[in-house]
Amino acid sequence: MRYVQGGGLTDAGRAARERVRLQAVERFESGQKNREIAAVLRVSERSVERWRRQWSERGEAGVLSKGSPGRPRLSDAQIARLERELERGPLVHGWTDQRWTLARIKTLIDRLFRVSYTVEGTWLLLKRHGWPWQQPARRAIERDDAAVEVWKKETWPRVRAPRRRVTAGSSSRTKPDSR
């Protein structure tokens, strides 16, 4: 079975899979063979073997769902505290300016709660809790649009990588035309 785009199963999908595993446990207890169970439940024999092994090692708890692997790692209380700390600003937390970047928020979460997120995970956490992406409302006062245009026209063409030739070259590594 292929997972939905974005990976993983929904809560309903996880519950349905768990019901199938519990049906397999009932059949284990009645002494049915793996091949019979796989055919009736329409799953692979390997899955049934794995479930039987988990069941024999840990009982019914071995086949129960462990929940979503992507569940939030911060509690509601921790999220509320994070929001308060973000409102206090970066200066209070030791940064030299007033910009909250994803890397800084990731570091703050690690400092406050000893929970490690990736930068992408931090972004998803913020988005999931309704914190908007922000950018400066205005351009820097020092910006000189004329100087930017001059740089684009004169300097950029000199520093960008040259394009490959359109003509056909040799595929030999020893010939200079091979580039």
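Predicted model: local features only at pLDDT ≥ 70, side-chain atom pairs only at ≥ 80, totals over all residues.
Local features were taken only at pLDDT of at least 70 and side-chain atom pairs only at pLDDT 80 or more, while totals for chains, interfaces and linings use all residues. Residues are numbered from 1 along each chain as its sequence is written, and side-chain values rest on heavy atoms, with hydrogens and water left out.

The structure holds 6 salt bridges, a salt bridge being a side-chain nitrogen of Lys or Arg within 4 Å of a carboxyl oxygen of Asp or Glu. One of them pairs Glu 45 with Arg 35, with 3.4 Å between the closest N and O atoms. This pair ties together distant parts of the chain, 10 residues apart: Glu 45 sits in helix 3 (residues 45-58) and Arg 35 in helix 2 (residues 34-41). Helices here are DSSP runs (H or I, at least four residues), numbered from the N terminus. Arg 35 is exposed at 60% relative accessible area, whereas Glu 45 comes out as partly exposed at 32%. For these labels, buried means under 20% relative accessible area, exposed over 50%, and partly exposed in between (1.4 Å probe, protein chains only).

Glu 85 is buried at 10%, but Arg 88 is partly exposed at 47%.

Then there is Asp 97, bridged to Arg 104 at 2.5 Å between the closest N and O atoms. Shared partners join Asp 97, Arg 99 and Arg 104 into one salt-bridge network. Within it, Arg 104 is buried at 12% and Asp 97 partly exposed at 23%.

How values were computed. Helix = DSSP H or I, 4+ residues; strand = E, 2+ residues; numbered from the N terminus.
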